[in-house]
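Subject: Structure handover

Hello,

The structure you asked about is below. My notes on it follow.

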Amino acid sequence: MEIVWRNGPSKENYEQERTKRLFNTDIPARFPLAIASARREQDVVDAVNLAISKNCRISVRAGGHSYAAWSVRSHAILLDLGDYRECGLDENDVACVSPSVTGRELHDFLLARGRFFPVGHCPDVGVGGYLLGGGMGWNQPNLGWACEHIVAVDVVTAAGERKRADAHQNSDLFWAARGGGPAFPGIVTRFYLRTFPAPGIMRSSGYIYSVEHYSTVFNWALGIAATFEHSIEIVAIGSYQTGIETPCITIALLAFGDDEDPIKTLLQGVENSHPDGAVSHWFCQETNLAEQFEFKAKAYPTGHRWYVDNAFVRNDVDVAAILQPAFTTLPTRKSLALWSSMIPLSRRGLPDMALSLHSDHYFAVYAVWEDESGDSRSRAWVDEIMESVGAQSVGSYLGELDFRSRRAEYWGKEQRTRLTEIRRKWDPANRICGCLGLEGLGLS
Ligand SMILES: Cc1cc2nc3c(=O)[nH]c(=O)nc-3n(C[C@H](O)[C@H](O)[C@H](O)COP(=O)(O)OP(=O)(O)OC[C@H]3O[C@@H](n4cnc5c(N)ncnc54)[C@H](O)[C@@H]3O)c2cc1C
């Protein structure tokens with residue numbers, strides 16, 4: 001295992017290791033004691049033992065896509081899993097994957113074998129942080145949270161021991177691995193994932209309107225989303241479009257299935273009811289995940305500063321009105337507002353796991369800008385939007401936020417207490433860095 005120390009000979013090398021693969025270029029002024037790069041499971045054990053011998057904490061980087069760069073913690077050993085790569089599929093179609101494998105890599109691996117897993121929408125997110133946080137993946141309204149399909153995890157504990165956690169052994173760790181996020185009190189070295197047959201076809205429809213149509217269009221989208229019981233994702237995106245001065249609202253639908261006819265019938269119903277005045281639209285176009293990954297990678301560009309927050313908006317409020325300021329006042333041309341329908345997933349109960357909050361309406365804001373000069377304006381915009389939306393929400397998804405910006409609920413009350421207890425049991429010395437910004441709750 002390679003280790004680069006903060007007080008080692010090359011400051012450049014240290015800085016490169018500290019920041020490598022971080023998605024957000026808003027790099028924090030936090031300085032780990034060392035960066036240890038693992039290539040195999042034994043390296044993870046060795047890194048934990050090193051942290052024990054140095055009496056310091058240990059933080060983990062899998063794909064580096066935490067917006068708030070959670071892996072970068074002062075005075076801790078940063079364990080980088082980027083070079084520890086395993087991906088397999090057994091005879092029961094259970095995938096076994098190491099945490100730094102990206103969503104696209106897992107998707108391509110499975111597709112070549114006729115299988116599918118709901119990886120995240122952006123291709124380069126690591127499965128580690130994504131799955132531990134819950135995972136909002138492709139076809140989520142139908143397939144559910146990605147973490148619902150974890151069947152087991154291999155873990156190196158805070159004591160440096162290897163454990164398997166599943167429904168029958170170390171089941172409290174297994175419970176925490178499904179939605180505990182950075183509060184998970186161990187280091188996962190392998191996820192075992194139930195896979196699905198690859199969908200035969202994917203079709204996409206979309207409707208782009210200028211912002212003066214916002215209320216009509218958003219309420220139309222809310223109306224049709226409430227009727228969906230099938231494998232359709234529907235989202236509203238607030239963004240700038242080339243050649244248009246003001247922000248636009250796009251309603252995008254993505255249907256998954258094996259037969260063309262039922263998909264076409266569903267999308268035709270949407271087509272027939274769409275409001276007049278679209279700047280452009282497309283209907284029932286053939287697509288696939290390779291193409292969708294490219295769209296997402298363009299919409300969520302690397303090489304930028306990001307500040308994000310989100311909320312599950314309550315089901316009983318005027319969602320269109322509450323989200324209007326976000327969709328219509330984007331602070332930069334690259335910023336985004338997103339609403340995503342969680343129906344029918346939100347209408348069924350969740351299994352017993354740490355992830356425990358959601359509603360019919362997922363909402364997220366992403367301020368995106370180039371350099372420090374935009375920091376205060378972009379952050380103030382997100383904070384202002386979220387102050388009012390947060391008050392109308394049941395909680396937030398921990399995958400797309402910075403805990404330091406705003407306190408919300410991330411788990412149900414009972415689940416938060418249980419997570420704290422599990423953390424205390426498995427990591428009594430608080431060796432493994434938890435949720436940066438949740439100090440005082442026993443989860444940081
Ligand atoms: C461009 C972009 C697009 C995104 N799209 C989606 C999306 O479609 N759906 C969605 O649900 N989320 C999405 N996210 C959020 C993403 O899932 C989270 O930020 C997630 O934490 C990233 O995981 P990572 O492994 O890449 O990040 P990292 O920064 O490497 O990890 C984040 C934290 O997770 C914990 N962690 C990671 N691996 C381990 C491990 N093996 N053991 C113990 N703890 C670990 C650590 O606390 C670590 O600091 C997106 C993020 C970005 C930047």
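**Cysteines**

Cys 147 is buried, at 0% relative accessibility (buried is under 20% relative accessible area, exposed over 50%, partly exposed in between, with a 1.4 Å probe and protein chains only). Its sulfur is too far for a bond with the closest cysteine sulfur, which sits 15 Å away in Cys 435. Cys 122 is buried too, with a relative accessible area of 18%. From the sulfur of Cys 122, the closest cysteine sulfur is the one in Cys 147, and because 19 Å separates them, they are too far apart for a bond. The structure holds 0 disulfides, a disulfide being a pair of cysteine sulfur atoms within 2.5 Å.

**Basis**

This is a predicted model, in which local features need pLDDT of at least 70 and side-chain atom pairs count only at pLDDT 80 or more, while totals for chains, interfaces and linings use all residues. Residues are numbered from 1 along each chain as its sequence is written, and side-chain values use heavy atoms, with hydrogens and water left out.

**Ligand**

The shell around the ligand has 32 residues, and Ala 62, Gly 64, His 121, Met 136 and Tyr 397 come nearest (a residue is near a molecule or strand if one of its heavy atoms lies within 4 Å of it). By class, the shell has 17 nonpolar, 13 polar and 2 charged residues. Strand S3 (58-61), helix H4 (127-133) and strand S10 (186-194) each supply at least two shell residues, with the largest share, 4 residues, coming from H4. Helices (H or I, at least four residues) and strands (E, at least two) are DSSP runs, numbered from the N terminus.

Oxygen atoms of the ligand lie 2.8 Å from a backbone N or O atom of His 121 and 2.9 Å from a polar backbone atom of Gly 63. A polar backbone atom of Val 188 is 2.9 Å from a nitrogen atom of the ligand. The protein covers 96% of the 950 Å² of accessible area that the ligand has on its own (Shrake-Rupley method, 1.4 Å probe).

**His 361**

His 361 lies in strand S18 (residues 361-369) and is buried, with a relative accessible area of 9%. Its side chain makes a polar contact with the side chain of Trp 339, at 3.1 Å (a pair of N or O atoms within 3.5 Å; within protein, one must be able to donate a hydrogen and the other to accept it, and residues adjacent in sequence count only if both atoms are side-chain atoms).

Regards

How values were computed: Ala, Val, Leu, Ile, Met, Phe, Trp, Tyr, Cys and Pro count as nonpolar, Asp, Glu, Lys and Arg as charged, and the others, Gly among them, as polar.
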